[in-house]
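Please read them with the coordinates open.

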Amino acid sequence: MATDTTTPEQDETTEPETPEAPEIEQPEVEAPEEAEPETFPRDYVEKLRQESGKYRQRAAKTDELAQRLHTALVAATGRLADPSDLTYDEAHLDDTEALEGAISELLSRKPHLASRRVTGDVGQGASSVSDDVSLARILRAGAN
């Protein structure tokens, strides 16, 4: 006779039983009683919003004035053709060496941004006028 190696409790269709982990009891946390949310009166909130709105407007105006001052300081150096070519940096407002260094660095990277000043006689504008006008002198000047 053939011996059957499977037991009635365990056959091929059932999975082997695994011992279950003991349940850890969690202490019950009591929910706090429903507390009313903290609210403020409507007129107080509107007052605060108006006040903060004023501060935002002031800050925006201050930023605009700081950028205008930065542009004016760059223009005062006369080294750039367009003072707005140097990006705004708040450190440039207080430290002139930082401003000069930033302009020098910008001009070393992009020399075409430097201001160009014409010097000498370019053939335009007022020229020296001689006291006596002679037709012979004009003809000689035209012949050369």
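1. Of the contacts in the protein chain with a separation of 6 or more, 40% are between residues 24 or more positions apart. The model is a predicted one, and the points that follow should be read with that in mind.

2. The secondary structure consists of four helices and zero strands. Along the sequence, the protein chain reads α-α-α-α.

3. Burial and surface can be taken together. The protein chain has 144 residues, and buried residues make up 10% of them. The protein chain exposes about 13,900 Å², with 51% of that supplied by carbon and sulfur atoms.

4. The largest nonpolar core is made of nine residues: V74, L80, L86, L99, A102, I103, L106, L107 and L113. Helix α3 (residues 96–109) gives the largest share of this core, with five residues.

5. L106 is one of the core residues and sits in helix α3. L106 counts as buried because its relative accessibility is 5%, and the cut-off for buried is under 20%. Residues up to four places away in sequence aside, L106 touches L80, D85, L86 and L113. As for L86, its C-alpha lies 7.4 Å from that of L106, with the two residues 20 apart in sequence.

6. L113 also belongs to the core. Beyond its neighbours within four places in sequence, L113 is in contact with R79, L80, A81, D85, L106 and L107.

7. Is H92 buried or exposed? H92 is buried, because its relative accessible area is 7%, against a cut-off of under 20%. The side chains of H92 and H70 are joined by a polar contact of 2.9 Å. Apart from neighbours within four places in sequence, H92 is in contact with H70, L73, L86, T87, A98, L99 and A102.

8. On the surface, V133, L135, I138 and L139 form a nonpolar patch, and together they have about 470 Å² of accessible area. L135 is part of helix α4 (residues 135–143). L135 is classed as exposed because its relative accessible area is 64%, where exposed requires over 50%.

Conventions. Residues are numbered from 1 along each chain as its sequence is written. This is a predicted model: local features need pLDDT of at least 70, side-chain atom pairs count only at pLDDT 80 or more; totals for chains, interfaces and linings use all residues. Side-chain values use heavy atoms; hydrogens and water are left out. Buried means under 20% relative accessible area, exposed over 50%, partly exposed in between (1.4 Å probe, protein chains only). A polar contact is a pair of N or O atoms within 3.5 Å; within protein, one must be able to donate a hydrogen and the other to accept it, and residues adjacent in sequence count only if both atoms are side-chain atoms. Contact means heavy atoms within 4.5 Å. A nonpolar core is a set of buried Ala, Val, Leu, Ile, Met, Phe, Trp, Tyr and Cys residues joined through side-chain atoms within 4.5 Å. Helices (H or I, at least four residues) and strands (E, at least two) are DSSP runs, numbered from the N terminus. Accessible areas come from the Shrake-Rupley method with a 1.4 Å probe; for residues, only the protein chains shown count as cover. Patches are made of residues with over 30% relative accessible area and no salt bridge: like charges are joined within 9 Å, nonpolar side chains (Val, Leu, Ile, Met, Phe, Trp, Tyr) within 5 Å. A salt bridge is a side-chain nitrogen of Lys or Arg within 4 Å of a carboxyl oxygen of Asp or Glu.
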